[in-house]
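Dear colleague,

I am handing over the structure below, together with an account of what was found in it. Please read the notes alongside the coordinates when you have a moment.

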Amino acid sequence: MLAAVYRTTGGPEVLSVEEVPTPEPGPGEVRVRLRVAGVNPTDWKMRTTAAPQDFQIPGQDGAGEVDAVGEGVDPARVGERVWV
């Protein structure tokens, strides 16, 4: 999947758009295909103070639709419009 990521602390200059592995939802989880995303203060505060172990995808706010469900989640949720 294509995602904005950062691998080190810093300002906007540490962000890059990269192809990263698409995560699979775990038990009780859903995966959301984001259609819109916003920048939450938590996103930029974490980016400037906490270096990730490998990479981090910022994204506390967004909206889209459920595109996969994990074990224990009703498959009828796929296609449901949601916000995060």
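**Sheet and salt bridges**

Strand 4 and strand 5 run antiparallel and are joined by 3 bridges. One of the residue pairs concerned is E65 with R81, the latter being the bridge partner that lies in strand 5. Please keep in mind throughout that this is a predicted model.

Turning to the charged side chains, the count comes to 6 salt bridges, of which I describe some here. R7 and D54 meet through their side chains in a salt bridge, with an N to O distance of 3.4 Å. This pair links distant parts of the chain, since R7 sits in the loop between strand 1 (2-5) and strand 2 (16-19), while D54 belongs to the loop between helix 1 (41-49) and strand 4 (61-69), the two residues being 47 residues apart. As for accessibility, R7 counts as partly exposed at 40% relative accessibility, and D54 is likewise partly exposed, with a relative accessible area of 48%. The contact between R7 and D54 also belongs to a network of salt bridges that links R7, E18 and D54.

A further salt bridge is formed by the side chains of R31 and E24, again with 3.4 Å from N to O. Here E24 counts as exposed, because its relative accessibility is 61% and the cut-off for exposed is over 50%.

In the salt bridge between R77 and E80, the closest N and O atoms are 2.7 Å apart. R77 is partly exposed, with a relative accessible area of 32%, and E80 also counts as partly exposed, at 33% relative accessibility.

Notes
Residues numbered from 1 in each chain as written. Predicted model: local features only at pLDDT ≥ 70, side-chain atom pairs only at ≥ 80, totals over all residues. Heavy atoms only, no water. Salt bridge = Lys/Arg side-chain N within 4 Å of Asp/Glu carboxyl O. Helix = DSSP H or I, 4+ residues; strand = E, 2+ residues; numbered from the N terminus. Buried < 20%, exposed > 50% of the residue type's maximum accessible area, 1.4 Å probe, protein only. Pairing = 2+ DSSP bridges.
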